Amino acid sequence: MTVYSAPGSDGAIVNYESRYDHFIGGEYVPPARGQYFANPSPVTGQDFCEVARGTAEDVEKALDAAHGAADAWGRTSTAERANILNKIADRMEQNLEKLAVAECWENGKPVRETLAADIPLAIDHFRYFAGAIRAQEGTAGEIDDDTVAYHFHEPLGVVAQIIPWNFPILMAVWKLAPALAAGNAVVLKPAEQTPASIHYWLSLVADLLPPGVLNIVNGFGVEAGKPLASSNRVAKVAFTGETTTGRLIMQYASENLIPVTLELGGKSPNIFFDDVSRLDDDFYDKSLEGFSMFALNQGEVCTCPSRALIQQGIYSDFLAAGVKRVENLKQGNPLDTDTQVGAQASNDQLEKILSYFDIGRQEGAKVLTGGARADLGGNLSGGYYVQPTIFEGSNAMRIFQEEIFGPVVSVTSFADYADAIKIANDTLYGLGAGVWTRDINTAYRAGRAIKAGRVWTNSYHLYPAHAAFGGYKQSGIGRENHKMMLDHYQQTKNLLVSYSPKAMGFF
Amino acid sequence: MGTTRVDVTPAAAAMMRQLRGQHGPLMFHQSGGCCDGSSPMCYLEGEFRTGQSDVLLESLKIDGVDEPITFWMSGSQFELWKHTHLTVDVVPGRGAGFSLEAPEGVRFLIRSRLLTEQELAELS
């Protein structure tokens, strides 16, 4: 067990600056209007730094810098860009523990997760796209004996990326690694809830990138995100967030005729068929862990398995075992490596979760465990902690249909395979799903029948760089991860070449 | 006063008055999905283009605001919410997509209750 000292306190392995400006053209630039906003840690609720409150003027300056850098960056060899990405990964690996503590402090998530998942995955993501861009090739199509169609990949140019607060570093890297690998210059806006950890990351790697290739403008969505997303100087907008803002970003993009990728969340079903309980073995234990995965990152994951569907034959026993498992989760100081459940990322997030406890109860859902704010005492009393919560109810209830984004699972039963698929697909969303069974035929059929972009089969919450991630239905448009992501940041250039000296004969 | 689908707390009304004074006429669109989802988004009226897929739940009358503030939701989401009454509240917070109140250090929040049989009958 290790309890890391809070950044800024005695014995801390990582410290934040007291203030972060915008990073534009390779240097830190104060905001045009001179305003800053306070950035609290969800661990204690206390402010730990202040951050530039960006506006349209700052966004324009960042776009100037990005446009100044984009052409030269786009012409660098893939080997050169891959080497830079690999060096970024190496720096991150050398500072993994510091990055993990920095992100924990800003987001409130347990450091055991940032140490084991967020930061290692982010490191691997840079390496994956370093490899993918080296291996990517265009094509040469032999149209006929005299005519060849060449297809080249070209960068889009300058792209806008708007980052969510639930994985401040990993979600930034999911967007940055393919964009930079493909040769784009980036203007990135971190979430206003978690604006600082990306700057700590930047302090480790800024010298590796040519000035202007990566620009970070901080600020509020309406003041900095909107001018960026609506700019006619970006070739693409990538956004992770929710449906209304997703629609607004598409609306702006339609005015500029540019593509968007949107990742907008879900209400992911986690399905447990009767046969998981056939043996009391490792797999049964794993499936109970899978049930408990709704508490990962305090439920602040777009793919949170927030609906558990348990087959009637095992319903009572499996649910009882699941409740026991969840009641044994250790909630506490996120900086303690033993802590499994930390703090919600912001006060409004906490308030929203509590409002869902209220409507869940009113609709008649039964609270099997949790169902309230957690007061952890001491200096953690001001933090935003929620007890891991299990509701039992039916799929029409709002707690089964809306993303709560908290450590909350809504449980119901199903009769048979057809019933499971019907309930699983009875949702507006289709981002993730889980299927747990010992029967490979059931696993395969269920996986294909669920209308979601990723179906974890006998697993959950794995995020390898090489597996495509994205949504069906209202969960969004486009994918992240996997080498196919390069296409989302590239144009296709076709050179159609005639090697015949003869006229075509039309004129 | 007739049966409503959406009400507003005094604190939320005060914030709407302030935002109206700072920016101009307002509208709300209720979001779904992750991060800042499941929350009401406040925009300048007309900023968010509503269409056939949206339902106007209420035109909110706020003291001190000349024009009604419209409250919208996508029709598919409304199908799942229509049995509940919504109250727009405001809490200290941060982060709200492109919602106008975020720079003020607050966040609009929806509180819900079940509509009664009588209310449902009156609204149908």
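In chain A, the residues A:Ala56, A:Asp58 and A:Val59 of helix H1(A) meet A:Ala224, A:Pro227 and A:Leu228 of helix H7(A); contact requires C-beta atoms, placed from the backbone, within 7 Å. Helices (H or I, at least four residues) and strands (E, at least two) are DSSP runs, numbered from the N terminus. By class, this contact has 5 nonpolar, no polar and 1 charged residues. Here Ala, Val, Leu, Ile, Met, Phe, Trp, Tyr, Cys and Pro count as nonpolar, Asp, Glu, Lys and Arg as charged, and the others, Gly among them, as polar.

This is a predicted model, in which local features need pLDDT of at least 70 and side-chain atom pairs count only at pLDDT 80 or more, while totals for chains, interfaces and linings use all residues. Residues are numbered from 1 along each chain as its sequence is written, and chains are lettered from A and ligands numbered from 1 in the order in which they are written.

How is H7(A), residues 221-229, placed: mostly covered or mostly open? It is mostly covered, with 9 of its 9 residues buried, that is, having 20 or more other C-beta atoms within 10 Å of their own C-beta, placed from the backbone. Those buried residues pack against H1 (56-75), H8 (243-256) and the strands E8 (158-162), E9 (185-189) and E11 (236-240) of chain A.

Finally, 41 residues of chain A are in contact with 37 residues of chain B. On the chain A side, H7, H8, H11 (347-362) and H12 (398-401) each supply at least two residues. H11(A) gives the most, with 7 residues.

Notes
Buried ≥ 20, exposed ≤ 12 C-beta atoms within 10 Å, placed from the backbone. Contact = placed C-beta atoms within 7 Å.
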